[in-house]
Amino acid sequence: MPLRWRSYTRRRPATTAKSHHSGQVTINTLPDEVLLEIFDFFLYGSKCIEGWHPLVHVSRKWRNIIFGSPRRLSLHICCTARTRVKENLHIWPALPIIIDGSYCPSSSVDNIVAALGRNDRVCEVMFGHTSSSLWEIVLGAMQVPFLELTRLHFESKDETVPVVPDSFLSGSAPPLRSLTLDGILFPGLSKLLLSTTDLVDLSLSNIPHSGYIAPQEMATCLSALTRLKSLSLNFQSPRSRPDPGSWWPHPAARSVLPALTELRFTGVSEYLEDLVARIDAPILHVLDIRFFLQLIFDTPQLSQFINRTPQLNTHDEAQVVFSDSGASVSLPRTFDHKGLELGISCRQIDWQLSSLAQVCSSCFPQALISAVEHLYIVERRVSPHHTEDDIENSQWLELFHPFTAVRNLYLSKEFAPRVITALQEFVGDRATCVLAEGRVIHMLFVGDRATCVLPALQLLHLEAPPMLWTSPGDHRGDRSCATAPQTPVNRFQMGQCTAYSGWPGIDISVSIQIFRIVHLTLIVWLAPGI
């Protein structure tokens with residue numbers, strides 16, 4: 001019996017049966033509606049698609065009850081490469097069929113083809129890690145309409161990209177609710193999407209350059225998907241970008257995606273700029289963007305899109321995270337740590353830093369970034385640390401200068417020495433002090449323009465030793481535990497240190513709270529106020 005996680009969410013069983021208090025009874029004497037509710041609860045918690053198999057073998061009564069309520073119990077037949085389809089499908093009633101053809105050997109092709117032949121009953125199709133010859137057979141067998149198909153998942157990691165023909169599913173799939181294409185070339189995708197008006201989840205990952213879909217074409221497709229909740233667009237390379245010579249003007253009226261709550265994108269900024277200029281997503285609350293490295297990030301359309309999306313504009317905390325593969329700035333929601341995240345795919349830390357400075361200044365609305373009061377600078381690297389010798393102190397200051405309302409700055413131990421050195425140099429040598437409302441304000445000159453760096457800073461927090469880390473689930477003191485969920489807040493433990501002088505907004509006479517750091521002695525010299 002094949003075991004795997006259910007690919008869909010079962011409805012929670014409804015309590016419909018009345019309570020019976022008639023003393024002790026055997027299970028065979030229970031009314032049918034009570035048994036049906038018991039079966040519903042049992043299958044709801046089962047990880048097996050065909051968890052109903054052992055139940056129908058208990059008695060004729062149980063079999064009649066179960067097969068009499070196939071929709072209530074979400075009964076399905078799972079066909080894999082090992083399933084003897086021609087024999088098994090004749091045994092059971094005409095239940096919906098789920099085909100899982102992943103890791104299918106050539107010797108089992110007949111079973112898969114036989115299952116695909118029941119196109120009037122197939123509701124889910126999944127193929128991954130499949131040979132080129134099998135892809136040809138599968139795609140050839142799916143040139144006809146699949147009237148009950150609600151979920152389609154194609155995945156390929158091969159160098160030879162599978163090509164889905166335009167005649168796939170006869171070019172129409174109205175019942176489809178979930179579509180995932182990973183490393184698949186589908187030239188006729190736009191035509192198919194225009195027919196999938198009930199689509200809820202759309203994930204296009206590792207889109208090859210030969211399968212590029214222009215942003216205006218994608219926006220047209222999305223305008224028909226009024227029930228779409230989750231959208232993911234991930235391109236393989238930065239070559240997939242709009243052609244400057246074929247730019248289309250932005251429409252006067254944008255397409256509204258009324259149900260969209262999550263949008264994820266990997267690609268060049270020019271593509272996303274053109275796309276978000278054509279759409280609105282009023283209830284979007286998760287926006288996860290990863291840009292390929294480029295010299296200039298100029299994204300006014302993205303900033304406007306974020307600004308007109310209400311649930312992306314309520315944050316007072318920002319996290320700047322550096323990793324082996326890139327760096328990101330995120331503004332998470334307090335209750336689930338999801339929200340708004342913009343990242344750069346790049347390994348060199350100096351490029352990461354300079355790119356993030358541009359992202360913070362260009363991609364985020366000024367009102368949003370200037371409302372952040374808690375700023376975390378965190379490193380999450382697995383490989384040995386990259387050298388920071390190429391980082392100029394001014395790069396840190398350029399990153400900080402949009403955060404005009406930050407009161408608490410949290411520094412991980414990897415970056416604390418360099419950031420504090422940058423702040424010291426800024427205050428000591430490279431800044432001009434001006435008197436404003438009776439206080440000293442330190443100004444940094446960027447070109448011909450003077451700007452203020454962290455004018456509201458009050459508390460400087462340094463990371464605690466790893467043995468003091470805390471995280472949900474009692475994962476304490478184990479930095480190497482990959483399963484331990486950790487948030488930047490939990491990496492800092494309270495300590496005390498006396499401020500010898502004051503940053504603007506910090507009273508010289510007040511002891512400020514900072515956080516202990518191991519193997520490093522720091523005296524934070526801050527320029528005195530007036």
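Strands β12 and β13 form a hairpin with two residues between them. Strands here, like helices, are DSSP runs numbered from the N terminus (E, at least two residues, for strands; H or I, at least four, for helices). This is a predicted model, where local features need pLDDT of at least 70 and side-chain atom pairs count only at pLDDT 80 or more, while totals for chains, interfaces and linings use all residues. Residues are numbered from 1 along each chain as its sequence is written, and side-chain values use heavy atoms, with hydrogens and water left out.

## The hairpin and its neighbour

Strand β12 covers residues 317-323 and runs antiparallel to β13, with four bridges joining them. Two strands count as paired if DSSP finds at least two bridges between them. Within this pairing, V320 has V329 of β13 as its bridge partner. Strand β13 also pairs with β14 (residues 339-345), again in the antiparallel sense, over seven bridges.

How many residues of β13 are buried? Seven of its seven, across residues 326-332. Buried means under 20% relative accessible area, exposed means over 50%, and partly exposed lies in between (1.4 Å probe, protein chains only). In a regular strand the side chains alternate between the two faces of the sheet. In β13 both faces are covered: G326, S328, S330 and P332 are buried on one side, and A327, V329 and L331 on the other.

## Charged pairs

Side chains of opposite charge can pair when their charged atoms come close. A search of the whole structure finds 13 salt bridges, each being a side-chain nitrogen of Lys or Arg within 4 Å of a carboxyl oxygen of Asp or Glu.

| Salt bridge | N to O distance |
|---|---|
| K157 and D182 | 3.3 Å |
| R227 and D198 | 3.1 Å |
| E262 and R264 | 2.6 Å |

Take the K157 and D182 salt bridge, at 3.3 Å. K157 sits in the loop between β4 (151-155) and β5 (178-182), while D182 belongs to strand β5, so the pair ties together parts that are 25 residues apart in sequence. D182 is buried, at 12% relative accessibility. Both residues also belong to a network of salt bridges that links E155, K157 and D182.

Next come R227 and D198, whose closest N and O atoms are 3.1 Å apart. R227 is in the loop between α8 (215-222) and β7 (230-235), and D198 is in the loop between α7 (189-193) and β6 (201-207), so this pair ties together parts that are 29 residues apart in sequence. R227 is partly exposed at 47% relative accessible area, and D198 is partly exposed at 26%.

A disulfide is a covalent bond between the sulfur atoms of two cysteines.

## Other places to look

Helix α9 (residues 269-276) contains S269, which is buried at 3% relative accessibility. Leaving aside residues up to four places away in sequence, S269 touches F291, Q294, F297 and T299, with contact meaning heavy atoms within 4.5 Å.

I296 is exposed, with a relative accessible area of 60%, and lies in the loop between β11 (286-292) and α10 (300-307).

Finally, look at L460 in strand β20 (residues 459-462). L460 is buried, with a relative accessible area of 8%. L460 and R407 are 53 residues apart in sequence and 8.5 Å apart in space, C-alpha to C-alpha.
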